[in-house]
Every structure is written in C-alpha cells, then in structure tokens.
Amino acid sequence: MTPRLLTPPHHPGQVLLEKQVTEPPVAARAPYWTMRRRDELAGWLFVAPQLAGIVAFVIVPLGLVAWYSLHEWNVLAGTFDFVGGSNYRALTDDPRLGPALRATGFFSLGLVVLNLSLALFLAVLLNQKLRGTVVFRTLFFSPVVVTLVAWTIVWGFLLQDNGGINAFIDVLGLNTLGIDGPNWLRGDATAMISVIIVQLFKGVGLNMVLFLAALQGVPAELYEAARIDGASAWARFRRVTVPLISPTILLTSILTVVGSLQVFAQIAVLTQGGPGTSTTVLVYYLYQQAFQFHHFGYGATISLLLFVIVLALTVLQWRMRRRWVFHES
Amino acid sequence: MKLRLLTAAATAAALLAAAGCGGGSDDPTSSGPVDLRMTIWSANAKHTALFDQIAAAYQKDHPEIGKISFESIPFDSYTTALTTQIGGGNAPDLAWILESTAPDFVTSGALEPIDKDADLLPSATKTWEQDGKLFAYPFSTSPLGVFVNTDLVTAAGRPTPAQQIAAGTWNWDQAVATGAAVQAKTGKGGIVVGDFDFKGWDALNSIWAGWGARPWSEDGKSCGFDQQPMVDAMTFVHKMVFTDKAMPGPGRTTDFFAGDASMVLTQISRAALLEKAKFKWDLVPLPKGPAGEYSVVGQAGIGVMKRGKHADEAKKFLAYFTNQENSAKLAQFFPPPRKSQLTTDLLAKANPLLKPAQLQSVVIDGIERGDIKTSHTGYAELQQTVRAALDPLWKPDADVKAVLSGVCSKINPLLSK
C-alpha cells in the first residue's frame with residue numbers, strides 16, 4: 001500500500017504522512033521484495049526444472065518404493081494389501097538373497113579393481129607423446145558410445161561354445177596343446193568372469209578419459225623436480241602422479257562402484273542369472289521377483305536394500321577420502 | 001518484470017502438466033468410437049495381415065469401434081511385459097496368453113469370462129476354465145511334431161523318419177541314431193528341441209512325455225522330477241547330448257530352419273519358416289517312447305482383460321474374431337479348437353505346405369490324444385527355480401538322479417503353496 005500524502009509539502013523535503021500524524025511515529029515498513037528475497041526466488045526458479053525432475057523421478061519414486069515395500073501387490077488380481085513389515089521379515093529368511101549378495105559383491109569387486117587399474121594403465125600409456133595415441137584413445141573410448149544391449153548381444157555370440165573367442169583359441173593352435181576354450185557362459189566361474197569382462201571393456205574408456213584429463217593436469221615441473229632428485233619412474237608415478245590425480249581416482253571409484261551395483265542388461269542378455277544362480281546379482285534378482293514372479297512388494301523391499309547398500313558405500317568412500325585424497329579444489 | 005515473467009511461465013508449465021496428466025480422451029463413459037488393443041507374441045507379417053483383415057471386416061459393421069491394433073511383444077519377455085502393462089494401469093483390451101501361465105491368469109481374476117461355444121473341444125478348453133466358466137479362447141491348439149531335413153538324414157546314410165514310420169521302427173533310439181550319424185558325418189546338428197537352448201527346460205516335455213514323465217503331479221502338489229519316469233527320460237536326454245552326441249550341446253545355437261540341423265521338435269505352426277527352405281523337408285509325429293506313442297499339444301489363448309478400458313467391446317470383438325468363419329481362416333496358422341474344423345480337408349486348404357497325411361497323423365491325431373504342455377500357478381517362479389536347479393545337469397559328468405532330487409527340494413516349497 002502506498003502511503004497517502006496528507007497535505008502537499010510546504011517546502012521541498014518536508015513530507016507528512018497520514019500515519020505520522022495520527023499515530024506515534026514508526027519506521028517505514030520495508031518492502032517485501034528485498035534484493036535478497038528476489039535473488040532467492042530467482043535462484044529457486046533457476047533450479048526449478050532440475051528440482052522438478054529430481055522430485056518427479058527420484059524422490060517420489062523412492063517414497064513410492066518404500067510404500068510398496070509395505071504391501072503385497074498382486075498385479076494380475078489387482079490387489080494391493082497392506083502387510084506391514086512382512087516383506088522385510090521375508091528378506092531376512094530368503095535363501096536366495098545370500099547368493100545374490102555374494103554374486104553382486106564378486107561382480108562389483110572384480111569390475112571395480114579391473115576397471116580402475118586398466119583405465120589408469122591405459123591412460124598412462126596413452127598420455128605418452130607417441131604416434132598413434134589418438135587412434136588408440138578413440139578405439140578404447142568407442143565402446144562407451146555403443147548401445148549397451150547391442151554391445152552385449154555381440155559379445156554373447158563371441159562367448160558361445162562355438163563362438164568367436166573359442167574359434168580364436170583354436171586358430172592360435174592352443175587346442176593342439178590340450179587347451180580348449182571353455183563354454184564361457186555355461187560354467188559358474190566363467191559366466192561371471194565373462195559378464196565382468198564384457199562390462200569392463202564397455203566402460204573402461206570413460207574412466208580412461210577422466211584419468212587422461214587428470215594426468216594432463218599434473219604440472220610438468222613436478223616431474224622435472226622429482227627427476228632431478230633422482231626419483232625412478234615408479235617413484236615419480238607413486239609419489240607425484242597418484243597423489244595429484246587422487247581426486248579423479250575418488251570420482252571414478254564412486255562412479256564405478258555405483259554403476260557396478262546396478263548391472264542388469266548384461267546379465268539379462270548373456271546369462272539370465274545362470275548357470276544356476278551364479279550371476280543372479282541383486283538388481284537381476286529384484287527384477288525377477290517384481291516383474292517375473294509378480295511380487296512387486298517384495299521387489300520394492302529388495303530395491304530399498306540396494307539403495308541402502310549404494311548409499312552406505314558412497315558415504316564410506318566419501319569419508320575415507322580424507323585419508324588418501326591429496327587435495328580438493 | 002523479469003521475475004513476473006518467470007513466475008507466469010512456471011505457472012503455465014505447471015497448469016499444462018496438470019492438464020496433461022488428467023487427459024480425458026480415454027474416458028470410458030465418453031461417447032464416440034473406442035479403440036481396442038490386443039497384445040500378441042507373433043511378429044509374423046502374414047499373421048498380422050490376417051488379423052488386420054478380420055479387424056477391418058469387423059469395423060465395417062461396428063461404427064462404435066475406432067481402431068483395432070495388434071501389439072507384438074517379443075516372445076521371450078511376453079508375459080513379463082504384459083503383466084507390467086497391467087500393473088502400470090495400461091492393460092490391453094485383449095491379450096494372447098501362454099498355456100504355461102494360464103492358471104495364473106484364470107485363477108487371479110484378471111480375465112473376463114467369455115461365452116463357450118458347443119463346438120469347442122473339451123480337451124482344448126480345459127486349461128482355460130474355472131468353475132464351469134471359460135476365461136480365454138484357445139485359438140491355437142498346436143501339436144508338436146518333428147520337422148526333418150531329409151537331405152541331411154540321407155547324407156548321413158540313415159533311413160528317413162518317413163521310411164522308419166512305414167517300417168514301424170520310428171522310435172527314440174532310432175531318432176538318436178540318426179541324430180548322432182548326422183552330427184558325426186555332416187558336422188551339422190542332430191536333434192534340436194525348439195525353444196529349449198538348455199534354459200527353457202519345459203520344452204523338453206516333447207521328449208519326456210514319451211516316458212510318461214511329468215514335472216509335477218496332475219494336481220500340481222507333488223514334484224515329479226525325482227520319479228522314475230523322469231529320471232529315465234532325463235538320463236536319456238543327457239546321454240543323447242553328451243554320450244551319443246545326437247543333440248548340439250549347451251552354448252551352441254543351431255537353427256534347423258537355416259539348414260543347420262537334421263531334426264527339430266516344435267510346433268507345426270513353424271512350418272511357415274520353411275517356405276523358402278533350400279533343403280528337402282518332412283513333418284512327422286514324435287517318435288515312439290518307452291511308454292508308447294504319444295503327442296504333446298502347445299496352446300495359446302486369447303483373453304479379455306478385466307481392467308482393459310473397453311471390456312464389453314473387447315468381448316464382442318473376440319467372439320467375432322474366433323467365430324466359425326474366422327476360425328477357419330486362422331486355421332492356416334493356428335490349429336483350431338473346434339470339432340467341426342478338425343478335418344484334413346479344411347486343414348489342408350489352410351496349410352498348403354503340409355500334406356493331408358501329415359495333417360492327419362500329426363495335427364488331428366495329436367490334438368485328440370495329446371497332453372497339454374506344462375502349467376502351474378506361479379509358473380514364472382517355478383520356471384526359473386527349475387532352470388537354476390537343472391543347470392548342473394548340462395555337464396558331461398552330471399549325476400542325473402542327484403540333480404533331479406535337487407530340483408525337487410527347490411520346488412517343493414513352491415508346489416505346496
């Protein structure tokens with residue numbers, strides 16, 4: 001409300017307001033839209049699209065999953081009955097959960113160790129000023145942009161008993177030495193190794209590029225100083241390179257761990273969780289429970305378990321960074 | 001000013017989103033033509049062309065129907081995709097249903113009861129009934145047969161199955177001898193079981209039925225894997241793969257229809273894949289097993305989804321889609337469940353690739369005496385559990401009896417549910 005002038009000012013500078021005449025004088029009310037509030041609102045509006053996305057596709061589904069986990073939901077019959085904690089109790093005595101967790105742990109550990117070490121090795125190799133590195137960088141990165149399912153299907157053919165890989169082993173003449181290619185996707189151990197390798201080559205290029213960028217950010221004078229001090233190549237790598245790229249190691253390890261816990265398509269295409277249940281990882285198991293066996297409530301419970309595991313591992317890695325991450329920008 | 005603009009834009013966006021969510025176009029109470037959707041697993045262009053033709057004829061006399069669409073979902077993930085659609089509130093109006101999941105759909109109350117025609121064979125409708133009501137029309141009642149690549153059999157120096165039938169020696173031992181000879185002499189595959197691939201174990205019922213074996217008792221309560229007939233049948237299959245080498249082993253893909261195997265046990269509706277075959281082929285009944293002559297029938301039904309948007313219209317369309325006249329048209333791909341149409345004349349007209357003798361011995365005799373393929377409530381879970389427990393069998397040194405007992409210990413809790 002704009003204050004009304006009571007009388008025209010008698011001379012410039014003298015303004016009398018109605019309020020001031022009738023009531024004891026108080027300080028003029030500050031306008032609501034202060035600079036600070038305007039900035040705040042603008043800020044909220046700028047993040048609104050992203051926020052709406054997170055609310056619609058992360059927060060709400062997460063809440064719904066928690067809600068579903070308290071229910072027995074039969075999709076065919078169309079029934080949705082509250083069962084309280086019974087899905088959580090079922091989780092504690094599900095004989096298939098242990099093997100699924102083991103398979104998940106094996107897959108994650110195998111993938112993270114192989115992926116990070118291979119990515120770092122490739123990055124160091126391709127960071128050298130040699131002819132042809134650009135070609136190799138492109139080669140190693142190209143699987144990252146290939147459609148996951150297409151990539152996996154091609155590998156499925158290669159890994160068959162009479163597929164490309166065993167044919168290659170034969171061409172090398174190894175079979176004459178009594179070494180036959182295994183039936184990759186039908187053996188308990190080889191199936192898991194195959195799935196890890198397929199995912200390794202699919203994703204290693206991305207980490208390699210991140211490492212490459214980090215390596216190029218290491219100042220050359222540090223290496224020079226180390227060399228003058230008489231440090232060997234290994235010592236230069238261990239004492240200069242690794243500490244300086246440790247923030248990137250942290251980033252890639254978090255991304256790779258989270259990604260490895262969510263593996264699904266490769267399993268669905270290559271092994272369907274078999275042979276036996278050797279490659280039934282947690283995500284594939286929850287897919288089976290929810291979408292194949294129609295136990296949506298129980299599937300939701302397993303997915304909450306997965307959420308807790310991912311969260312815990314990420315928090316753990318974040319906490320541990322103080323111990324080994326050299327500097328943070 | 002800028003701020004106000006932003007606020008207005010945000011409000012407009014929110015309103016638009018709200019309007020979009022409310023969408024009134026699918027309101028069942030609104031008048032105007034309604035669209036029907038049927039989910040199917042066939043992706044065969046000839047099948048869909050015939051369905052479209054029947055649908056177009058129906059629409060001519062039924063202005064209340066707008067569009068009738070046939071949505072093809074890959075066979076491997078069919079039931080999963082269908083139940084996900086239902087769970088997501090997007091149920092189709094009509095859906096094909098596999099015989100293995102029939103008990104799940106029939107008992108859950110997901111389907112509308114439909115009219116039962118007196119012409120339908122009781123053996124064909126049995127799987128789809130509950131409390132005297134029919135819940136799906138078994139439009140395809142297809143016996144399994146053996147397609148034979150006679151070129152490969154002759155090249156391996158073996159008599160053809162047709163010759164063996166004439167001589168009365170068409171049994172499993174002879175079939176294995178032929179398969180082994182083909183693998184040894186031509187390097188191609190011997191006997192292939194369609195859709196098996198060492199994962200879809202239920203496809204093996206085309207073999208074990210010849211031993212009188214069943215995966216579980218008729219009432220579905222007790223496990224049959226550890227019973228003698230099943231142990232004998234599975235021992236035979238294991239020997240056929242690893243000792244006789246008459247069947248391509250696990251982890252190999254062998255396509256009969258591309259000429260890579262001498263025999264395949266599969267539905268006769270696959271004959272369409274042989275239209276352009278570059279080899280001589282034949283269709284014969286399943287070989288005689290230790291328990292005598294037998295046949296196995298695969299079924300598919302069409303159900304009306306209770307939670308589809310237009311169940312009444314869907315019911316009427318289904319009645320038209322499967323009436324006498326259209327059933328005769330569908331018979332060229334799907335053997336009909338109608339007594340009046342199981343004649344060599346009609347089937348021969350509809351299946352020009354098959355000879356009348358083949359139709360009589362495989363289709364008509366097969367449907368009359370055949371066992372319907374395996375089914376159970378909670379089938380998907382049983383299917384996966386047996387698959388995982390049976391995997392150790394597909395190794396050369398497997399202990400068949402121990403593996404099969406293991407299967408029973410895994411599925412007993414599920415069967416007793």
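In the predicted model, helix 10 (residues 228-242) of chain B packs against helix 16 (residues 400-415) of chain B at an angle of about 125°, their axes lying 10 Å apart. This angle makes helix 10 of chain B oblique to helix 16 of chain B, and the crossing between helix 10 of chain B and helix 16 of chain B is right-handed. On the side of helix 10 of chain B, the residues that take part are B:Met230, B:Val231, B:Met234, B:Thr235 and B:His238, and these meet B:Val400, B:Lys401 and B:Leu404 in helix 16 of chain B.

Two helix pairs in chain A can be described in the same terms. Two packed helices are described by the angle between their axes and the distance between the axes. Helix 4 (residues 97-126) of chain A and helix 10 (residues 233-261) of chain A pack at about 145° with their axes 9 Å apart, and their crossing is right-handed. From helix 4 of chain A, the residues in contact are A:Thr104, A:Phe107, A:Ser108, A:Leu111, A:Val112, A:Asn115, A:Leu116 and A:Ala119, while helix 10 of chain A contributes A:Thr252, A:Ser253, A:Thr256, A:Val257, A:Ser260 and A:Leu261. For helix 2 (residues 35-68) of chain A and helix 13 (residues 296-324) of chain A, the axes come within 8 Å and cross at roughly 125°, so that helix 2 of chain A and helix 13 of chain A are oblique to each other. The crossing of helix 2 of chain A and helix 13 of chain A is left-handed, and the contact is formed by A:Val65, A:Ala66 and A:Tyr68 of helix 2 of chain A together with A:Phe296, A:Gly297, A:Ala300, A:Ser303 and A:Leu304 of helix 13 of chain A.

The largest nonpolar core comprises 145 residues, and those with the most contacts inside it are A:Val281, B:Leu94, B:Ala233, B:Leu318 and B:Val407. Helix 12 (residues 282-292) of chain A gives the most to this core, with 8 residues, and at least three residues are drawn into this core from each of domain 1 (34-142 + 298-372) and domain 2 (143-214 + 227-296) of chain B. When neighbours within four places in sequence are left aside, B:Val407 is in contact with B:Phe225, B:Val386, B:Ala389 and B:Leu390. Another core, of 13 residues, lies apart from the largest one and includes A:Ala123, A:Phe211, A:Ala214 and A:Ile249.

The domain assignment of chain B gives domain 1 (34-142 + 298-372) and domain 2 (143-214 + 227-296), and the C-alpha centres of domain 1 of chain B and domain 2 of chain B lie 28 Å apart. The contact involves 21 residues from domain 1 of chain B and 16 residues from domain 2 of chain B. On the side of domain 1 of chain B that touches domain 2 of chain B, strand 6 (137-149) and helix 14 (356-369) of chain B are the elements giving two or more residues, and helix 14 of chain B supplies the largest share, 8 residues.

Individual positions in chain A were also examined. A:Leu210, in helix 8 (residues 188-216) of chain A, counts as partly exposed because 19 C-beta neighbours lie inside 10 Å, and A:Leu210 touches A:Thr248, A:Leu251 and A:Thr252 when residues up to four places away in sequence are not counted. Although A:Leu210 and A:Leu120 are 90 residues apart along the chain, their C-alpha atoms are separated by 9.2 Å. A:Thr133, found in helix 5 (residues 133-145) of chain A, is likewise partly exposed, with 14 other C-beta atoms within 10 Å. Leaving aside neighbours within four places in sequence, A:Thr133 is in contact with A:Leu126 and A:Gln128, whereas the C-alpha atoms of A:Thr133 and A:Pro31, 102 residues apart along the chain, are separated by 63 Å.

Some backbone features remain to be described. Most residues other than glycine have a negative phi, and most peptide bonds are trans. The peptide bond from A:Gly274 to A:Pro275 is cis, with omega near -5°, and A:Pro275 lies in the loop between helix 11 (265-270) and helix 12 of chain A. In chain B, B:Asp131, which is not a glycine, has a positive phi of about 50°; B:Asp131 is found in the loop between strand 4 (129-130) and strand 5 (133-134) of chain B and is exposed, with 7 other C-beta atoms within 10 Å. A positive phi, near 65°, is also assigned to B:Asp195, which lies in the loop between strand 7 (189-193) and helix 9 (205-208) of chain B and is partly exposed, with 17 other C-beta atoms within 10 Å.

Terms used:
Residues numbered from 1 in each chain as written. Chains lettered and ligands numbered in written order. Predicted model: local features only at pLDDT ≥ 70, side-chain atom pairs only at ≥ 80, totals over all residues. Core = buried A, V, L, I, M, F, W, Y, C linked by C-beta atoms within 7 Å. Buried ≥ 20, exposed ≤ 12 C-beta atoms within 10 Å, placed from the backbone. Helix = DSSP H or I, 4+ residues; strand = E, 2+ residues; numbered from the N terminus. Domains from an automatic or database assignment. Contact = placed C-beta atoms within 7 Å. Axes fitted to C-alpha atoms, helices over the stretch in contact; angles between N-to-C directions. Parallel < 35°, antiparallel > 145°, perpendicular 65-115°, else oblique. Left-handed = near helix turned anticlockwise from the far one by under 90°.
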